[in-house]
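Here is a short briefing to read with the model open beside you.

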Amino acid sequence: MNGLPDYSVIDISGSVLSANYDIGRPSIIGALIHTTSGTNSIAWLTTGAATSGNPASADYLIARDGQIYKLGAPGRYPYHAGKSRFTIRGITYSGDELSSLLLGVEIEQVGSQIVTWQQNQALAQIIVKTGIDNSWRWPYYLLGHYEVAVPMGRRSDPQGFEWGDFMGQLLAYARASNVPGLG
């Protein structure tokens with residue numbers, strides 16, 4: 001991709017318990033960015049959350065080294081927004097509605113760790129590819145989990161995420177992919 005890293009995607013969607021997902025996803029209109037708070041993120045997002053009684057997952061998990069894991073299967077959406085509310089294009093959505101409309105991406109991170117350069121690049125790659133696949137125009141609709149969680153302050157992720165660094169990476173990937181609307 002014009003000199004930018006192309007991170008491989010490992011599809012593990014077949015190992016995600018169905019309790020973490022629902023069927024019938026409409027068109028994805030943006031992305032909701034999360035950070036994990038542990039190191040065994042794959043196990044938690046594929047089975048642990050469901051067996052704990054709090055089913056949750058994501059469409060993608062990005063490991064510390066930038067490795068991308070695809071958790072979401074076509075036509076299904078993960079429960080990832082939780083108790084949430086946000087107005088998009090004049091319509092207020094909540095909970096599962098937001099989970100279905102927004103791509104859920106978890107970035108593996110623990111405590112005060114800063115999201116790595118590789119994770120930023122992998123996230124930019126996912127967002128640009130999803131945008132192209134769903135005919136998004138620039139600028140993209142990107143939110144942090146903290147922006148939609150209710151009550152306000154219930155969530156603080158993505159933590160250790162430098163929005164400016166990420167937006168630079170996103171712009172580089174978008175330009176390399178000739179995303180419409182960049183001008």
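Which helices and strands each supply at least two residues of the lining of the largest pocket? They are strand 3 (30–35), helix 1 (41–51) and helix 2 (95–101). Please keep in mind that this is a predicted model. The protein chain has 183 residues, and its secondary structure comes to five helices and ten strands.

**The largest pocket**
- The space in the largest pocket is about 670 Å³.
- Its lining is made up of 30 residues, and W44, A56, E106, H145 and R155 are the ones nearest the centre.
- Helix 1 gives the largest share of this lining, with three residues.
- By class, the lining holds 17 polar, seven nonpolar and six charged residues.

**The second largest pocket**
- For the second largest pocket, the volume is about 360 Å³.
- Of the 20 residues that line the second largest pocket, Y60, K70, L103, T130 and D133 lie nearest its centre.
- Helix 3 (residues 117–133) gives the most here, with five residues.
- The lining of this second pocket has eight nonpolar, seven charged and five polar residues.

**Overall fold**
- Along the principal axes, the C-alpha atoms fill a box of roughly 45 × 40 × 30 Å.
- Buried residues account for 49% of the chain.
- Among contacts with a separation of 6 or more, 75% are between residues 24 or more positions apart.
- The accessible surface is about 8600 Å², and carbon and sulfur atoms hold 52% of it.

**Helix 1**
- Besides its part in the largest pocket, helix 1 has buried residues at S41, L45, T46, G48, A49 and A50.
- These buried residues pack against strand 4 (60–62) and strand 9 (102–107).
- An α-helix has 3.6 residues a turn, so residues three or four places apart point the same way.
- After helix 1 comes G53, with a positive phi near 95°.

**The loop between helix 4 and helix 5**
- V150 sits in the loop between helix 4 (145–148) and helix 5 (163–176), and P151 and P158 are found in that loop too.
- The peptide bond from V150 to P151 is cis, with omega near -5°.
- A cis peptide bond also runs from D157 to P158, with omega near 15°.
- Is V150 buried, partly exposed or exposed? V150 counts as partly exposed, because its relative accessible area is 34% and that class lies between the 20% and 50% cut-offs.
- Leaving aside neighbours within four places in sequence, V150 is in contact with K83, S84 and R85.

- Most residues other than glycine have a negative phi, and most peptide bonds are trans.
- R89 is not a glycine, yet its phi is positive at about 55°.
- R89 lies in the loop between strand 7 (85–88) and strand 8 (91–94), and R89 is exposed, with a relative accessible area of 65%.
- S135, also a residue other than glycine, has a positive phi near 60°.
- The loop between helix 3 and strand 10 (142–144) holds S135, which counts as exposed at 65% relative accessibility.

Key
Residues numbered from 1 in each chain as written. Predicted model: local features only at pLDDT ≥ 70, side-chain atom pairs only at ≥ 80, totals over all residues. Heavy atoms only, no water. 1 Å grid on protein atoms, 1.4 Å probe; cavity = no way out; pocket = protein on both sides within 12 Å on 5 of 7 lines; lining within 4 Å. Points joined across faces, edges and corners; volume = space filled by probe spheres on them. Helix = DSSP H or I, 4+ residues; strand = E, 2+ residues; numbered from the N terminus. Nonpolar A, V, L, I, M, F, W, Y, C, P; charged D, E, K, R; others polar. Buried < 20%, exposed > 50% of the residue type's maximum accessible area, 1.4 Å probe, protein only. Contact = heavy atoms within 4.5 Å. Areas by Shrake-Rupley, 256 points an atom, 1.4 Å probe, with all protein chains shown as cover.
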